[in-house]
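I opened the model today to look up its pockets and one of its strands. My notes follow in the order in which I went through them.

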Amino acid sequence: MRFRLASTFIVAAAAAFASQAATAAPVKNIVLVHGAFVGGSGWRPVYDILTHDGYNVTLVQEPLTSFAEDVAATQRILAMQNGPTILVGHSYGGAIITEAGNDSHVAGLVYIAAHALDNGETEAINGKKFPNAAHPFAKTPDGFLYINPVNFPSDFAADLPLKQAEFEAKAQMLTSASVFTANIPDPAWKVKPSWYMVAKADKIINPDLERMYAKRAHSHTVEIAGASHSVYESHPKEVAALIEQAALGAK
């Protein structure tokens, strides 16, 4: 009888330990969402670090044609994940993850110099409350915005090598002006844990607006001195470290 009781206790203890170990395991799936005017290739340095560290990383290539289509593109990738996922957004990508982050796969959100909107807010409205330091965007006759290539290096990518910034200026993905007026009724940051990176020299999004977003969402926050809006490219080690912190913290 004693042997049976001991065996039962050992089995129960082992099961409890296994359950705790599973609970303590970090999230292994990472989905990266780019912002306006750029594609997903800018995430490559962060991708390389995360995959080297054993994470399963997938990039969203949203079309930037409408907010609904960009969210749908993100949801499509989330549906392909095989478990809990950390959803990461840069710039306008923050608005996308704020909506798409309600997906059941998402265990945590990471905002990299990104918009974390509340219901009733838009990027355009918040940009007026917290003006940025960049030149005004240019606009095509059919309603798509872009950054004048002459201004792109200083406004978007001041801490990148000039040749790289000039290439990205000419490789821009034109972005529908409509995405900057999208409203998000149920922001995911209200119910999901979040992490935030403030780019202290950002000219596209006012760093004080970034701080407001982070504080309001009770995000775990880091600030990167001298970082431009392209912080995800210029400081990939710090960005990857924050994402890995989220993967550990959102378990």
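Which residues lie nearest the centre of the second largest pocket? This is a predicted model, and in it I found Ser-41, Gly-42, Phe-167, Glu-168 and Glu-233 nearest that centre, within a lining of 13 residues. The elements that give two or more residues to this lining are helix H7 (162–170) and helix H9 (231–234), with H7 providing the largest share, three residues. By class I noted six nonpolar, five polar and two charged residues in the lining of the second largest pocket, and its space comes to about 190 Å³.

I then turned to the largest pocket, which holds about 460 Å³ of space and is lined by 24 residues, with Glu-123, Ala-124, Gly-127, Asn-132 and Phe-137 nearest its centre. Helix H5 (residues 123–129) gives the largest share of that lining, four residues, and the lining of the largest pocket divides into 14 nonpolar, eight polar and two charged residues.

Last, I looked up strand S8 (residues 194–199), where six of six residues are buried. Both of its faces are covered, with Ser-194, Tyr-196 and Val-198 on one side and Trp-195, Met-197 and Ala-199 on the other. Strand S4 (residues 106–112) pairs with S8 in the parallel sense over four bridges, and Met-197 in S8 is the bridge partner of Ile-112. S8 is also joined to strand S9 (residues 220–224) by five bridges, again in parallel, and here Glu-223 in S9 is the bridge partner of Val-198. Between S8 and S9 the chain passes through helix H8 (residues 207–216), and I recorded this β-α-β crossover as right-handed.

Conventions
Residues numbered from 1 in each chain as written. Predicted model: local features only at pLDDT ≥ 70, side-chain atom pairs only at ≥ 80, totals over all residues. Heavy atoms only, no water. Buried < 20%, exposed > 50% of the residue type's maximum accessible area, 1.4 Å probe, protein only. Pairing = 2+ DSSP bridges. Right-handed = clockwise from strand over helix to strand, strands pointing away. 1 Å grid on protein atoms, 1.4 Å probe; cavity = no way out; pocket = protein on both sides within 12 Å on 5 of 7 lines; lining within 4 Å. Points joined across faces, edges and corners; volume = space filled by probe spheres on them. Nonpolar A, V, L, I, M, F, W, Y, C, P; charged D, E, K, R; others polar.
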